[in-house]
Amino acid sequence: MFNQDFYPTPDQVIETMLAGIDLSGKTVLEPSSGKGNIIQVLKNRGAKVLCCEKDPQLAILSSNQAKLLKHDFLEVESHEISHIDYIIMNPPFSADEKHINHAWSIAPDGCEIIALCNYSTLSNNYTRSRNELLSIIEGYGTKTNIGDCFSSSERKTGVEIGLIKLIKPGIKSNGFDDFFTDESDDPEKQENGLMSYNAVREIVQRYVNAVKLYDDVLENAVKMNALTEGLKADDLVFTCSQNKVQVTRNEFAKDLQKRSWKWIINKMNLEKYSTRGLMEDINKFVEDQTKMKFTMKNIYLMLDAIVQTTDQRMDKALVEVFDGLTKHYHENRYSVEGWKTNSHYLVNKKFIMPYIAPLSRWGTMDVNYRQAELLDDFNKALCFLTGSSFNVNDRFSYRVSESKPGYGEWFEWTFFEVKLFKKGTGHFKFKDENVWALFNQQIARIKGFPLPENLKKAA
């Protein structure tokens, strides 16, 4: 039935996965939902469930039980799930380590990951991704062999199953909660008491009117049901849908708010503050809040909150870059490609980043979106740190597409000289020694590292 990776999770296995966990009121992502066995148990235990499912037929089954976030879990980004508490998964055994590693990379601070896998993934570590997964488990969780528990399931397999439990380090932040008030969402009642800005007023009016139209559709649906009762016309109803999946009023309003915040950030020229961390904070805030209204006043409070919390967000961007670079030193324990150029405790004046812009099968330079986003956040944080002006046209992908550098040729990008290679590796050199020293000093302050004397003198 369906595809080769379709192995519905037996009830007794789900009970083993969830033993000792209170899911009441928690938000859970089920990234490979299949026909919904895990989803149903999660809902019965009081959880709010998001899901992904690539198979179109199975996706229909899943979306009837939970909110379908995306079809392909590997396309889910961190800012889309920054509000969740758990990732609970039975990923496709043909690529289980890839899915679990991705879950780890996008999970928010404090999130717990509970995953099944083919136990041979953990016992035969002959690939880089398997070694990386084992390193994550060693540092942040546990693995258990729970035996051939699919041997008598709906679709049988005699392989031994592994159960992985991981906890992402860190504590969930409160986001922007303390900055906002509960008030009427009627923009006309606020107009005289707030700074007048037509574009912001317009987006509030659009939001309020869109939600009102949704309410009108629901009201008409009730009227239609009353008129067609007894006529065997139950399928003739009005619904609001996204990607052919029905969307509730609350889901519609929240998704519209997120899109509106992005529009405002762009309209108000706040691109220099718009790191991945900011979008994660906004998503978590919109998903978690129950009282805050989308009003003129609260929009300006949000803009003020974005500016006031910039220090923490830029620190987060710097640390993310630092952790990523120092992970790729030549003696690393993650079984990923490493280089002697890279250090494990500071960023050298010259460093190497992987997977940036490999040569595609069509002979073009294929910029990796995730790495480009990380580099853009790095640039924004360095601009903030040095007091430099941020230019939206300095986005890494834009710079590469405009200048079209050749592989193996140095080109300038913001604070760096860069050379890209066909396998995707990028070599970077800080153009200014003082910027290099300032970056490492900032990392030392955040992480509490001692600094070498030459760094102290450089800045």
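1. Asp-315 is buried, with a relative accessible area of 16%. That puts Asp-315 under the 20% limit for a buried residue. This is a predicted model. The side chain of Asp-315 meets that of Arg-445 in a salt bridge, 2.8 Å from N to O. The pair links distant parts of the chain: Asp-315 sits in helix α11, Arg-445 in helix α14 (residues 433-447), and 130 residues separate them. Side chains of opposite charge can pair when their charged atoms come close.

2. Lys-349 pairs with Glu-433, and their closest N and O atoms are 3.1 Å apart. Here too the pair links distant parts of the chain, 84 residues apart: Lys-349 lies in the loop between α11 and β10, Glu-433 in helix α14. How exposed is Lys-349? Lys-349 is partly exposed, at 36% relative accessible area. Glu-433 is partly exposed as well, at 41%.

3. Over the whole structure, a search finds 25 salt bridges.

4. Glu-280 and Arg-276 form a salt bridge, with the closest N and O atoms 4.0 Å apart. The cut-off for a salt bridge is 4 Å, a point to keep in mind for this pair. Why are the two about one helical turn apart? Because they are 4 residues apart in helix α9 (residues 276-288). Both Glu-280 and Arg-276 are buried.

5. Helix α9 also packs against α8 (residues 249-267). The angle is about 145°, and the axes are 10 Å apart. The crossing is right-handed. On the α8 side, the contact is made by Lys-254, Gln-257, Lys-258, Trp-261, Lys-262 and Ile-265. On the α9 side, Leu-278, Met-279, Ile-282, Asn-283, Val-286 and Glu-287 take part.

6. Next, the loop between α11 (310-326) and β10 (350-353). Asn-332 has its place there. Is Asn-332 buried or exposed? At 12% relative accessibility, Asn-332 counts as buried. Its side chain has polar partners in the backbone. A polar atom of the Asn-332 side chain lies 2.8 Å from the backbone oxygen of Tyr-329. The backbone nitrogen of Tyr-334 lies 2.9 Å from a polar atom of that side chain. Leaving aside neighbours within four places in sequence, Asn-332 is in contact with Lys-327, Glu-337 and Gly-338.

7. Now the nonpolar core. The largest one has 35 residues. Which of its members touch the most others? Phe-416 and Phe-430 do. The elements giving two or more residues to this core are α11, β10, α12 (369-386), α13 (396-403), β11 (410-413), β12 (416-420), β13 (426-430) and α14. In soluble globular proteins, nonpolar side chains tend to be buried together.

8. Not counting residues up to four places away in sequence, Phe-416 touches Phe-351, Phe-378, Leu-382, Phe-411, Phe-428, Lys-429, Phe-430 and Lys-431. Among these is Phe-430, named with Phe-416 as touching the most other core members.

9. Two backbone points are worth checking. Tyr-355 has phi near 60°, a positive value in a residue other than glycine. Tyr-355 is found in the loop between β10 and α12 and counts as partly exposed, at 32% relative accessibility. Lys-404 has a positive phi too, about 45°, although it is not a glycine. Lys-404 is found in the loop between α13 and β11. With a relative accessible area of 65%, Lys-404 is exposed.

10. Last, the chain as a whole. The secondary structure comes to 15 helices and 13 strands. What share of the 459 residues is buried? Buried residues make up 49%. Among contacts between residues at least 6 apart in sequence, 64% join residues at least 24 apart.

How values were computed:
Residues numbered from 1 in each chain as written. Predicted model: local features only at pLDDT ≥ 70, side-chain atom pairs only at ≥ 80, totals over all residues. Heavy atoms only, no water. Buried < 20%, exposed > 50% of the residue type's maximum accessible area, 1.4 Å probe, protein only. Polar contact = N/O pair within 3.5 Å; in protein donor to acceptor, adjacent residues only side chain to side chain. Contact = heavy atoms within 4.5 Å. Core = buried A, V, L, I, M, F, W, Y, C linked by side-chain atoms within 4.5 Å. Axes fitted to C-alpha atoms, helices over the stretch in contact; angles between N-to-C directions. Left-handed = near helix turned anticlockwise from the far one by under 90°.
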